[in-house]
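Here is a briefing on one protein model.

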Amino acid sequence: MTAVLGALIALLPAPALADALVDNVEGVALDREGRVVRFTGLLLTPDGKVVRLLRRDEKRPDRLDWRADMRGRVMIPGMIDAHGHVMDLGFRALSLDLSGTTSLADAGARIAAYAAANGARAWLTGGGWNQEVWKLGRYPTAAELDTLVAGKPVWLSRADGHAGWANSAAMRAAGITARTPTPAGGRIEKDARGNPTGVFVDAAMALIEKHVPAATPRDRNAAFLKAQDLLLSSGITATADMGTTGEDWLTYRRMGDAGALRVRIMGYASGVEVALAVGGTGPTPWLYGDRLRLGGIKLYADGALGSRGAWLKAPYADAPGNTGLPFLTDAQLLNLMSRGAMDGWQLAVHAIGDRANAQVLGAIEELAPTYTGDRRWRIEHAQIVDPADIARFGRNGVIASMQPVHESSDWRMAEARLGPTRLAGAYAWTSMLRAGSRLAFGSDYPVESPSPFVNWAVAFTRTDAQGQPIGGWRLEEAVSRDIAWKAFTSDAAYAGFAEEKFGGLTPGLRADFLIVDRDPTLASPEALRQTRVLETWVGGEKVWEQR
């Protein structure tokens, strides 16, 4: 009798049980195939994973641990930034920020005010300047900085992080003279008499930076917490951290141990040595509830277009004789990539110029037959690619990790740097997809704002905040709104080997989501840019709320 009763009970439908429900939402997300789905409720497990999405007409569970009523507001999946610099974002925000300056005079006023307010600092540091935005037509000089701050060293990084501006006191502290040799992969800007003028490009930046007082662990904690707040308030629930140093990793571990790590970080070590020191024999496991992992290595093939450090196949149109700065020989790049790949690290290589992209593609093609399996080789930026090389991205599943906002910021400069006949492979998102590459979108913060909504709008319009150029710059390379959204969610997760952990609101994934003030799938491009995040949830826990 007991056995019969047990069998009958087993045939009964399971009771409608769930542990948590976020209800009364105007939900919109992408399914695993990239199709838009709409829903009004989200069921969660105790550990913050998605059970399923509920339509308006579906019955809600009778028994719940908790229920959150969103009062009809819009819910979307958390956004993922596939390329950013977490600690740089925090330090930039806590130091002198010149990113909004529109002229040298504007920057000078900020520098003078910051110097007056921070008299106790041994060095004044910051960054965000861009001589292109200032329409200066040249780099700023140490002499111009000296008129503002003469008595103590000043060191200010360019917006892209590939050049720095020093005053005379900083150069004296670093022992820089006309006889200082230029390091490989770098450039010291000099006047007609051979004297350094105050700007140091790429590898030459280290000549100054090694003399800047190191940040303390307390400074690093503060910078991380500031960066985390900026990311969460922007709607970023997970990010790739490109260039994680050993000190950065220790900071993230301190935050995780203290229960203060909210954003998810996919770390890419700042070189093979850091990766081996942290991971030993290979990538680390996911830590702190899938909030932290060091899984890759970041390498550099060249510099940036703005500082004419991007390595080109032909000279710059506006600097005849200059083809940019290669950072590594072919043999050096192969050796570094091979050393990382043999221990299972994912390789992510910065390449902006067409010659640098060709070099990295060549290295991947040489290594791929040896290092088989799911490697997900990444090229970071892939901004200027020879059209003849674009097909090579698809041959070995190379991920094009690109930043839409760079196109809207750079198109005028790109035309000047390259000339009209060399733009066919510039910021070529659609061409990458057609070649069989997978796009992973990011912002490259703090070079640009971490706002995913600005990036999203650029991706399908190819215009800037002022709607320029009218009709979009090389609009044939724009992607659809949904493809761009996928590149900021599930494809960005895939690019970091995280697609089984987070990246959408599909069953089994971590419930990372946003409550926003509008439906981004229906908003005009101008309105999409203005999207405000009201709440940010990570793993079914509210971690940020607009005040």
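What volume does the largest cavity have? The largest cavity has a volume of about 40 Å³. This is a predicted model: local features need pLDDT of at least 70, side-chain atom pairs count only at pLDDT 80 or more, and totals for chains, interfaces and linings use all residues. Residues are numbered from 1 along each chain as its sequence is written, and side-chain values use heavy atoms, without hydrogens and water.

**Confidence**
- The protein chain averages a pLDDT (predictor's confidence in each residue, 0 to 100) of 94, and 97% of the residues score at least 70.
- Over residues 1-17, pLDDT stays under 50.

**Helix 2 and helix 7**
- The axes (lines fitted to C-alpha atoms over the stretch in contact, angles 0 to 180 degrees between N-to-C directions) of helix 2 (residues 86-94) and helix 7 (residues 217-234) come within 7 Å and cross at roughly 100°.
- That makes helix 2 roughly perpendicular (65 to 115 degrees) to helix 7.
- Helices here are DSSP runs of H or I, at least four residues, and strands are E runs of at least two, numbered from the N terminus.
- Residues in contact (heavy atoms within 4.5 Å) include Phe91 and Leu94 in helix 2, and Phe224 and Leu230 in helix 7.

**Cavities**
- A cavity is a set of points on a 1 Å grid over the protein atoms alone where a 1.4 Å probe fits but cannot get out; lining residues have an atom within 4 Å of a point.
- Volume is the space filled by probe spheres set on the points, which are joined across faces, edges and corners.
- The whole structure has two cavities of 30 Å³ or more.
- Trp286, Arg293 and Gln346 are among the residues lining the largest cavity.
- Strand 14 (264-269) and strand 15 (292-300) each supply at least two residues of that lining.
- The second largest cavity has a volume of about 40 Å³, and its lining includes Pro77, Phe502 and Asp512.

How values were computed:
Parallel < 35°, antiparallel > 145°, perpendicular 65-115°, else oblique. 1 Å grid on protein atoms, 1.4 Å probe; cavity = no way out; pocket = protein on both sides within 12 Å on 5 of 7 lines; lining within 4 Å.
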